[in-house]
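Hi everyone, thanks for coming. I have one chain to walk you through today, so let me put it on the screen.

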Amino acid sequence: MAKVFRPSNRESNILSKIESSKEYARKQAINTIKECYEPLSNAITSKLIEDNLIETTNKNSSQEQIRMCLEKLTRSEDFDIDFVIAPYRNLIPQPNIVSLYVTSFVIEQLIKHKDIVEIFGSDEDLYTCINRQVMKYLSA
């Protein structure tokens with residue numbers, strides 16, 4: 001028979017603080033990208049093309065798609081964000097919400113765009129490339 005876990009008041013407080021700090025970091029990351037749609041979308045698109053992870057016939061169109069993805073992220077409800085990133089939540093431990101959302105967009109939506117020829121690399125490669133660019137803007 002399984003042991004029933006009943007956290008004490010102190011444990012409950014600690015767990016609550018951990019959850020609220022994660023939620024705060026998530027909201028802070030989403031709010032920070034509101035100030036840098038253009039440069040961030042340009043950096044992500046350029047790096048994806050430079051690293052040969054996407055092949056496109058029109059860089060500006062791809063950049064515009066990623067910029068619209070970032071704008072949508074800032075306007076979305078938590079449920080909608082969680083729904084989009086759900087298939088990729090376990091891609092890496094402790095993923096960045098912005099990077100995960102953009103990675104999901106690239107894998108599921110951008111590939112359908114008329115100017116995208118092909119997307120190369122694994123999901124992890126795409127996430128890593130996107131996350132490097134996102135972290136530059138979040139830590140600045």
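If we read along the sequence, the pattern is α-α-β-α-α-α-β-α. That makes six helices and two strands in the chain. Before we go on, please keep in mind that this is a predicted model.

Let's start with the overall dimensions. Along the principal axes, the C-alpha atoms fill a box of roughly 60 × 35 × 25 Å. There are 140 residues in the chain, and 39% of them count as buried. Now, how much of the contact picture comes from residues 24 or more positions apart? Among contacts with a separation of 6 or more, such residues account for 72%.

The accessible surface of the chain is about 8,800 Å², and carbon and sulfur atoms make up 52% of that. As for charge, we have 18 positive and 20 negative side chains, with 7 Å between the centres of the two sets.

The largest pocket holds about 500 Å³ of space. Its lining consists of 14 residues, and those nearest the centre of the pocket are Lys22, Arg26, Gln94, Pro95 and Ile97. Which of the elements gives the most to the lining? That would be α1, with six residues.

Thanks, and I'm happy to go back to any view.

Conventions
Residues numbered from 1 in each chain as written. Predicted model: local features only at pLDDT ≥ 70, side-chain atom pairs only at ≥ 80, totals over all residues. Heavy atoms only, no water. Helix = DSSP H or I, 4+ residues; strand = E, 2+ residues; numbered from the N terminus. Buried < 20%, exposed > 50% of the residue type's maximum accessible area, 1.4 Å probe, protein only. Contact = heavy atoms within 4.5 Å. Areas by Shrake-Rupley, 256 points an atom, 1.4 Å probe, with all protein chains shown as cover. Lys, Arg positive; Asp, Glu negative; His and termini not counted. Charge placed at Lys NZ, Arg CZ, Asp CG, Glu CD. 1 Å grid on protein atoms, 1.4 Å probe; cavity = no way out; pocket = protein on both sides within 12 Å on 5 of 7 lines; lining within 4 Å. Points joined across faces, edges and corners; volume = space filled by probe spheres on them.
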